[in-house]
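Welcome! Here is a friendly briefing to read with the structure open beside you. Take it topic by topic, and look up each residue as you meet it.

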Amino acid sequence: VLLWQKKEIFLRQNFKRYLVVGFFNSAFPFTLFALSAKHLDSGVVAIIDGAVPMFEVLIAAFILQQTVSRNAVIGIVFGVIGIIVTSCGNISSLDLAPVQIASIIAILVATFSYAAASHYINLRCSDIESMTLATGSVVSAALILSPCIFFTDFAPLAEIKIMSSLFGLGFFCTGIAYIFYFKLTAEEGPRTAVSVVLLMPVFGTIFGVMFLHEAISLSKIIGCITVLISMKFILNLSRNSFFRSKKTPDFVG
């Protein structure tokens, strides 16, 4: 799309920033999540994934020495509680075997990496257009992971179901999503951007009912409502702020 729009990536100028974002926001956490998800239930992964906003606040407060509002802390507490309540029905198989403990630690490291990358994007990459940053960072992540092709079994890719699933993850869940994510990070800040992980159990519940005919439990309803309340505090939403008009900042590619 970038080539079709005849936009320049300014590779020499932004190459180091693409590498940093590509590694800490894609290649490194993607690898840890892929390895960990093989040994943990999706509910456990959803719970631990909710640690991203917490790490974002901790990095802001203790590393960057930034002021953290009370509403942000309250919202994060509500969000983590909501994720745990929503996912509590999926963690029965967790027996804390060594491989599961290692997987939990790996996901925590991945969530810290996401939070750190969000701050880096906000501080160092706000002058790069979201489409350009998404392209440069994902291509960089692909280059970083390219040596893995020599150790990968490509036989399963012959199945249409697997290929279509990988395409969906790459195109929609990474390529398209990153364009909005980087734009949101530049305009609203890293806390707003990383808080989207709190909505994953909510949409997971909705899509599970719509497409997989899963039952709606009381824990899921309470958890989803709690998560939505957390978003109100994290984003400091009110009737006036929700409907306010904002001037979109200019980007320099």
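A residue is called buried when its relative accessible area is under 20%, exposed when that area is over 50%, and partly exposed in between. Phe78 has a relative accessible area of 30%, so this residue is partly exposed. Please keep in mind that the model is predicted. The protein has eleven helices and zero strands.

**The overall picture**

- Reading from the N terminus, the elements run α-α-α-α-α-α-α-α-α-α-α.
- The protein has 253 residues, and 36% of them count as buried.
- Its accessible surface comes to about 15100 Å², and carbon and sulfur atoms account for 71% of that.
- If you take the contacts between residues at least 6 apart in sequence, 86% of them join residues at least 24 apart.

**Helix α1 and its bend**

- Helix α1 covers residues 11–36, and at Phe23 this helix bends by about 45 degrees.
- Which residues of α1 are buried? They are Asn14, Arg17, Tyr18, Val21, Gly22, Asn25, Ser26, Ala27, Pro29, Leu32, Phe33 and Ser36.
- Here is a handy rule for reading such a list: an α-helix has 3.6 residues a turn, so residues three or four places apart point the same way.

- Tyr114 is part of helix α5.
- Is Tyr114 buried or exposed? Its relative accessibility is 16%, so Tyr114 counts as buried.
- Leaving out residues up to four places away in sequence, Tyr114 touches Phe24, Asn25, Pro29, Phe30, Phe33, Val52 and Tyr181.
- Tyr114 and Phe28 are 86 residues apart in sequence, and their C-alpha atoms are 9.3 Å apart in space.

**Aromatic pairs**

- A pair of aromatic rings is described by the distance of the centres and the angle of the planes.
- How many aromatic pairs does a search of the whole structure find? The search finds twelve.
- One of these pairs is formed by Phe23 and Phe24, with 4.9 Å from centre to centre and 85 degrees between the planes, an edge-to-face arrangement.
- Phe23 counts as partly exposed at 30% relative accessibility, and Phe24 counts as partly exposed at 37%.
- The rings of Phe78 and Phe233 have centres 5.8 Å apart and planes at 0 degrees, so this pair is stacked.
- Phe78 belongs to helix α4 and Phe233 to helix α10 (residues 218–234), so the pair ties together parts that are 155 residues apart in sequence.
- Phe233 counts as partly exposed, with 22% relative accessibility.
- Elsewhere, ring pairs link Phe30, Tyr178, Tyr181 and Phe182 into a cluster.

**Salt bridges**

- Side chains of opposite charge can pair when their charged atoms come close.
- The structure holds two salt bridges.
- In one of them, the side chains of Glu129 and Lys7 meet at 2.7 Å, N to O.
- Glu129 sits in the loop between α5 and α6, while Lys7 is in the segment before α1, so this pair ties together parts that are 122 residues apart in sequence.
- Both partners count as partly exposed: Glu129 has 25% relative accessibility, and Lys7 has a relative accessible area of 29%.
- Asp127 and Arg17 also meet through their side chains in a salt bridge, at 2.9 Å, N to O.
- This pair links distant parts of the chain, 110 residues apart: Asp127 in the loop between α5 and α6, and Arg17 in helix α1.
- Asp127 is partly exposed, with a relative accessible area of 31%, whereas Arg17 is buried, with a relative accessible area of 15%.

- Leu58, Phe62, Ile63, Leu64, Phe112 and Leu123 make a nonpolar surface patch of about 590 Å².
- Helices α3 (51–63) and α5 (98–124) each supply at least two residues of the patch.
- Which helix gives the largest share of the patch? That is α3, with three residues.
- Leu64 is found in the loop between α3 and α4 (70–87), and Leu64 counts as partly exposed at 32% relative accessibility.

**A leucine in a loop**

- Leu157 lies in the loop between α6 (130–145) and α7 (160–188).
- Leu157 is partly exposed, with a relative accessible area of 29%.
- Setting aside its neighbours within four places in sequence, Leu157 is in contact with Ile162, Met163 and Leu166.

Definitions and conventions
Residues numbered from 1 in each chain as written. Predicted model: local features only at pLDDT ≥ 70, side-chain atom pairs only at ≥ 80, totals over all residues. Heavy atoms only, no water. Patch = residues over 30% accessible without salt bridge, like charges linked within 9 Å, V, L, I, M, F, W, Y side chains within 5 Å. Areas by Shrake-Rupley, 256 points an atom, 1.4 Å probe, with all protein chains shown as cover. Salt bridge = Lys/Arg side-chain N within 4 Å of Asp/Glu carboxyl O. Helix = DSSP H or I, 4+ residues; strand = E, 2+ residues; numbered from the N terminus. Buried < 20%, exposed > 50% of the residue type's maximum accessible area, 1.4 Å probe, protein only. Contact = heavy atoms within 4.5 Å. Bend = angle between axes of the 7 residues up to and from the residue. Phe/Tyr/Trp six-rings, centres within 6.5 Å; stacked < 30°, edge-to-face > 60°.
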